[in-house]
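Please look through the sequence and the structure shown below before reading on.

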Amino acid sequence: MPIYNLKINGQSHSVEADQDTPLLWVLRDHLDMVGTKFGCGVGQCGACTIHVDDSATRSCLLKVSMVEDMEITTIEGLSKEGTHPVQQAWKEIDVPQCGYCQAGQIMSAVAFLKQNPKPDTSEIRDAMSGNICRCASYNRIEAAVALAATKTN
Amino acid sequence: MKDVITPSISRRSFIKTSALAGGGMLIGFNLFQACKPEVAPPVDISKLNFNDFNAFIKIADNGMVTIFSPNPEIGQGVKTSMPMLIAEELDVLWDRVIVAQGALDTKNFTRQVAGGSQSLRQGWEPLRQTGATARQMLINAAAAKWGVNPSECTTNNGVISNANGDTLGYGDVVKTAATLEIPENVTLKDPKDFKIIGKDIPNVDVEKIITGASLYGMDYKEEGMLYASVLRPPAFGQKLASCDDTEATVIDGVHSVVKFGDKIAVLAKDTWTAMKGKKALKASWTTDTQLESTEGIEKALTDLLNGNKFETLRADGNVKKAFAQADKVIERVYESPFLPHNCMEPMNFFAEVTSDRARLVGPIQTPAGTARRVARLLERDPEEVSVEMTRMGGGFGRRLYGDFALEAAEISKISQKPIKVVYSREDDMSAGIYRPAIKYKISASIKDGAITGYHLKEASVNSNMYGLIPNFFPAGAIENYQVDVANYNSKITTGAWRAPYTNFLSFAEQSFFDELAEVLEVDTIKLRLDLLQKVKGTTDERIQYSPERLENVIKVAVDKSGWGKAKSGVYQGFSAYYCHNTHVAEVAEVVLQNDAPVVKKVICVVDCGVVVNPLGAKNQIEGGVIDGVGHAMYGDFSFKEGVPQDQNFTTYRLIRANEAPLVETYFVDSDIAPTGLGEPTLPPAGGAVANAIKAAKGIRIYKQPFIKNMDTKAPLG
């Protein structure tokens, strides 16, 4: 099996995996970084959202062979001790219920606010519509993204 | 009003204490019911045995309180709200309380867990008693030290005072308190003195969740564990004929292939390889029975509604006579599809079955029942089987069923390996225990402008409404009232889905009342309030709801929503419902965009008794309402020749952020014991939206999902 050198959260990792293995499973099963969640495997739910070179990407659709030398950021690497303004906003609004989708939601929100630091409500709702929350904590997700926008600026 | 509780069980059998070796006091108790532990809690905090007690309170020398809660969170916030009840009566500051998860690696225990909507209701008294008992022991210890009567002592935020002005912190007296007799009678606080209950307390796990550190079943891993991906018959009713696993076994990383019953599991070193292995299996299936399609099931349900194979669950007066004498009879049929649960965390479970024991770990709401089923399946002594819970990525009813745990046990037994079964989303959606498809026929007789009779008929798949539902509104309000149920047996597995039966029945009845009001030319609110008047003072003990509480939420909703005064272009729909011991009224506001209805807002008024944690409670309410709107609008799931027609979110539509209405929540002030919130705000949502769509477009909807059925004609019987 080939070996891939990955840059994740500022650290180098070399993993032995089939070339078609999605990055999601490399993170979860090979590297024990389980904050990134499996939800659908087809890029529809957003639970596995990570950043590749600052862009929000579905790690379930990204083959490990495609991401060598790219800057990969997962929820574990977003900040030390949850201090990123988006994480703080999530905490302040008390967003989570079951919590399973929230890492993906946060990663989507962070990338979105980087592109659009002062979004209006409808831009937030559209931007976050790629991430399903089955507990339907959508009102709080929307409020938390709006709050985070005030913190990052 | 002081609430002196004299428990029916001896307090000595309900909690026990010990002095911790490392300092401090440990109190063992049970979160949901009093068991009768014969042992004392351990003196070593690392040796907590959740079999003797399922929860512990540690009060340290420095006064810090740690509550070891055994119940991993499923999403309803009980891991936060239940410890709040203890801390309130213990009388400590919340920031001096740590809620810790019981260790996962303990060996021989089975923990109890209650359904989401019942946890706070059942825990309300026992948990406060536990806190109050601990507080009294601390007071007794301080009083003994001072040589004063305990009744002269008071507490405030973890500090005990006496009449002389002396003070001692809880930490100062824990050593003595641990050795004292457990008091028999304790006084609970007057609700007006609550300092923690009723305050916004953030989810105790929020820090872990936002950093990706909270561990779910999907994240559970043990040394040497293999991942199992299971191929199941593609259609309900099919059986395995043969399977060629040649291409699967040659995949690098595939360990073995295990056949059990009509299923085949591929075991591999990681999840992806197991899933690849499964895809490489070449199985053929046999069909020795008629495979079912949605069309046929719908016809069967219609035939049941029009037939006479009913069981009567409640009959008041004489419905037949009322209908015969009526000036007018209104009859409507409401239809709903099967629905998958679609928890964000797909089903999964760990099992290690050895000659000594069967040890299972995973996301399950019913560990004790599942352990019994595993013991039966494996023909093992129940003592040898343990089922441990992990945090759960949603439940919605699906995780009441241990089918995936049984699969794990069987695969581990055959392979003699520790394994974890992992469902793909396709597995999760196609091997479901679905909300059954249901049809209701509701008829009302009208005589001299009044409703004289009400007849509700249910045709459902596999099982019918539970026994309390026929005693919900409008039972007791209409003289001649009857509820009949009939059943169609299907091979498609069905079960509980968030607010079972009422999740659809409420839509049917609340739409029906709206239409009745139209026919009678009375205001839809007045119709409900007039009916409720007739239930007041009822002596019928079967009636489940309180007419006063339902009336109150209706009136508050009218007020808060500005009912009837919506601005131009905004259309309101009303709904009010009782279930899970909670009374709810909702007003949905719909606007038209390109002639399509868009739900902008839902005003939700809730009487759930005392609101323990408003911050968490509102989260449940918002989620329940949006979930209700989402499934009513979009939830659609069908079968063709036994095969589920949707297998992933590529075709199955769940409500998303850009479609979610804003939920505006109001609580009714109450000092009545708290009731459930995980479910009861979902059922009224569909009816409120349907009635708003009627107001907006003049179209009545009789079938879910709404987006597909906005042009159906009234299916008059």
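The model is a predicted one, in which local features need pLDDT of at least 70, side-chain atom pairs count only at pLDDT 80 or more, and totals for chains, interfaces and linings use all residues. Residues are numbered from 1 along each chain as its sequence is written, while chains are lettered from A and ligands numbered from 1 in the order in which they are written. Helices (H or I, at least four residues) and strands (E, at least two) are DSSP runs, numbered from the N terminus, and two strands pair if DSSP finds at least two bridges between them.

Strand β18 (residues 348–353) of chain B pairs with β21(B) (residues 419–422) in the antiparallel sense, over 4 bridges. Another 4 bridges join β18(B) to strand β19 (residues 358–362) of chain B, again running antiparallel, and here V353(B) has A358(B) as its bridge partner. The link between β18(B) and β19(B) is a hairpin of 4 residues. A residue is called buried if 20 or more other C-beta atoms lie within 10 Å of its own, exposed if 12 or fewer, and partly exposed in between, with C-beta atoms placed from the backbone. By that criterion 6 of the 6 residues of β18(B) are buried, so the strand is largely enclosed by the rest of the structure. The covering applies to both faces, with N348(B), F350(B) and E352(B) buried on one side and F349(B), A351(B) and V353(B) buried on the other.

## A second hairpin and a parallel neighbour

Further along chain B, strand β26 (residues 582–593) and strand β27 (residues 596–607) run antiparallel and are joined by 11 bridges, with V590(B) standing opposite V599(B). Their hairpin has 2 residues between the strands, and N594(B) takes a positive phi near 50 degrees there. β27(B) also pairs with strand β30 (residues 662–667) of chain B, this time in the parallel sense over 6 bridges, and the bridge partner of V605(B) in β30(B) is Y666(B).

## The largest nonpolar core

A nonpolar core is a set of buried Ala, Val, Leu, Ile, Met, Phe, Trp, Tyr and Cys residues joined through C-beta atoms within 7 Å. The largest one here has 260 residues, and those that touch the most other members are L138(B), A228(B), L360(B), A405(B), A408(B), V629(B) and V689(B). Helix α2 (residues 119–146) of chain B gives the most to this core, with 9 residues.

Two residues are in contact if their C-beta atoms, placed from the backbone, lie within 7 Å. Leaving aside residues up to four places away in sequence, A405(B) touches F349(B), L360(B), G362(B), I364(B), T370(B), V374(B) and V387(B).

## Chain A and its helices

Chain A has 5 helices and 5 strands, which run β-β-α-β-β-β-α-α-α-α from the N terminus on. Its radius of gyration, taken over C-alpha atoms, is 15 Å, close to the 15 Å that the globule rule gives for 153 residues, so chain A is as compact as a globular protein of that length; the rule is 2.2 Å times the number of residues to the power 0.38. Buried residues make up 60% of the 153 residues in this chain.

Helix α1 (residues 23–30) of chain A is mostly covered, with 8 of its 8 residues buried, and the cover includes β2 (11–16) of chain A together with α6 (271–279) of chain B. D32(A), which follows α1(A), has a positive phi near 55 degrees. In helix α2 (residues 85–93) of chain A, the buried residues are V86(A), Q87(A), A89(A), W90(A) and I93(A). Seen down the axis of α2(A), these fall within an arc of 160 degrees, so they line one face of the helix; the arc is that of the directions from the helix axis to the C-beta atoms. After α2(A) comes D94(A), with a positive phi near 60 degrees.

## Where the two chains touch

The contact takes 47 residues from chain A and 47 residues from chain B. On the side of chain A that touches chain B, α1, α2, α3 (102–115), α4 (121–127) and α5 (138–152) each supply at least two residues, and α5(A) gives the most, with 5 residues.
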